[in-house]
Amino acid sequence: MAALHTQKPGHLITPLRIALRGQALLASPRYNKGTGFTLAERKAFGLEGRLPYRTNSLDEQCERAYGQLQSRDTPIRKNTFLQSLKEQNWTLYYALLTRHLKELTPIIYTPTEAEAIASYSHLFRRSEGLFLSYPDEPLMEQVFLEETRGRDIELIVVTDGEAILGIGDQGVGISTAKSVIYTLIGGMDPSKSLPVVLDVGTNNEELLNDPLYVGWPHTRIRGDDYDRFVDKFVQLVRKYYPKCLLHFEDFGVANARRILDRYRETQAVFNDDMGTGAVTLACIMSAIRISSISRASASSPEKKKLSDQRYVVFGAGSAGLGIATQLRDAIVSTDGLSREDANKKFWLIDREGLLHDKLQIQSLTPRLKEFVRPAHENWDSGQVQLLDVVEKVRPTVLIGCSTKGGAFTKEVVEAMMRGLDEGAHPIILPLSNPSRLAEAAPADLMRWTNGKALIATGSPFDTVKMEVNGKTKDFVIAECNNALIYPGLGFGAVLSKSRRMTDTMLIEGAKRLAALSPALSTASDPEYNGAAILPDFADAPRVNFEVAITVAEQAIREGSAGEEWSNLSFGTTPEEIEQLVRKKATEKLWIPAYPEYIYDESGTREV
């Protein structure tokens, strides 16, 4: 049984009173048990003769479904099979995924979901979620209410399709996939989530000329018309579901951050860049603690703070800038530096080289301009490349978001090593994916640093086995996967009913994730033991549950939680708050298990 199930004991899975009967019950993916209906349930709900004789346990159903899945010979066929299973039986779908989490997550999410989304119009069979199209703007509120009336919506994942996995404009698939991860790993009730696509057209000529394209075949709406359409949707969310989490997924680079900034003070909003920044922050926090232990043993300054580090970020696009911003904000919040002083800890390198004043780049956004190095640092007037920056800056943290495979060369890494204090570990994060685009292979980094590098990657890599100082060691490479944290951040926000996702909630969530690092929990001496600096993805459900509790606690402490928690802000000890939050989280957690059904004409009819 996967880790998610251990968070919720069986006695908390209470019977459900349901008014559906017969075929209506079997046709409901939310309530259908298939051959899992007991004999008593079959009699009570008019299912006799509608199912084969034998009753199967959920474990037996998972075994059968897994065998059927294995007969599909390509990832996209497996994806299609799992989508069909979800349309029939939610509990079986999530139970199967839970039992094979590491194996099947890449099938239902990236990278396989990218192929499914690219072929969405040609694979289309059945709609799922809410489609809000620009030509139907006058009907938006009516359509929204038809889909949501009577539902307790806690999570809305919305996309405008522009930046979906580098594909663009391909329907609601990415929103449904993200919603699945929130349930699978975060424990959020799938009946309380709503995937949405805002169809504002496409600039993809291939789609515009495809007679089978199911979206609005028109060039993308921009400017004031686009902003008005998006704002109308957000105001509907604020009006009818003010305490739900609103996740903006794969909006284009020109819109993603400004939309988030526009609404983050009035609604709990989130996007993937925040998740990537948070998991990277956790990774660096963990690595700093490991490195500081070694520094202490070498009688060097420990440099335990985020503000003690020097950060070189190679790749200043959406991901790199998002990470730098999250780290900067954490430095301001935790170490008390001003925003301006915190910015000075970062050196960002884009395709033009190091961003510095002498380059006089005209196209920089205001957010990026904050990280431009000043002219008085005497950088060359031309492009300043990575090796030159490393040699001059002597970074303690090197982050790659460039998609330039192999950019962290032996020369770059050796220059970084020369600039470190005695006993310090270089923190190197080649985060570009897939693996062929990673800035360096972990095996090379370990060899070039004699086993001292603290590494996390954007794609999974095998354990590195090598000899260090006469001893054979296994170095487990952490995957800096934002699914280790964003489902927990979301669950924590929903649990606390916070109207905002604050920076401090994100930071506390990152701290909790860092504290769960295997490298810290197994450390018995100052020498780095090779354990991963982040938890394994297979442990993501348990990890996110702990993150959620910490995030909710922080929301209560700072007063951003809903009124239901307001009486806990004063006079209640931290231990009492933690115990209550953990109890509420355990009760709220959705897990794939069959509860007992009781027929009741006044029970739920929602399918």
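What covers the buried residues of α4? The cover includes α3 (58-70), α5 (90-99), α6, α7, α8 (120-123) and α10. This is a predicted model, and two of those helices lead us to a pair of annotated residues: α10 holds K178, while the loop between α6 and α7 holds Y109. Here is a quick tour.

**The annotated pair**
- An unreviewed UniProt entry lists Y109 and K178 under "active site".

**Y109**
- You will find Y109 in the loop between α6 (101-108) and α7 (112-118).
- Its relative accessibility is 13%, so Y109 counts as buried, the cut-off being under 20%.
- Leaving aside residues up to four places away in sequence, Y109 touches I174, A177, K178, I181, E249, D272 and Y486.

**K178**
- K178 sits in helix α10, which covers residues 173-184.
- With 0% relative accessibility, K178 counts as buried.
- Beyond residues up to four places away in sequence, K178 is in contact with Y109, V157, H247, E249, D272 and Y486.

**Helix α4**
- Helix α4 runs over residues 75-88, and its 14 residues should span 20 Å at 1.5 Å a residue; the end C-alpha atoms are 20 Å apart, which agrees.
- The buried residues in α4 are I76, K78, N79, F81, L82, L85 and K86.

Notes:
Residues are numbered from 1 along each chain as its sequence is written. This is a predicted model: local features need pLDDT of at least 70, side-chain atom pairs count only at pLDDT 80 or more; totals for chains, interfaces and linings use all residues. Side-chain values use heavy atoms; hydrogens and water are left out. UniProt positions are given in the numbering used here, feature names are shortened, and annotations may be inferred rather than shown by experiment. Helices (H or I, at least four residues) and strands (E, at least two) are DSSP runs, numbered from the N terminus. Buried means under 20% relative accessible area, exposed over 50%, partly exposed in between (1.4 Å probe, protein chains only). Contact means heavy atoms within 4.5 Å. The expected span of a helix is 1.5 Å times one less than its number of residues.
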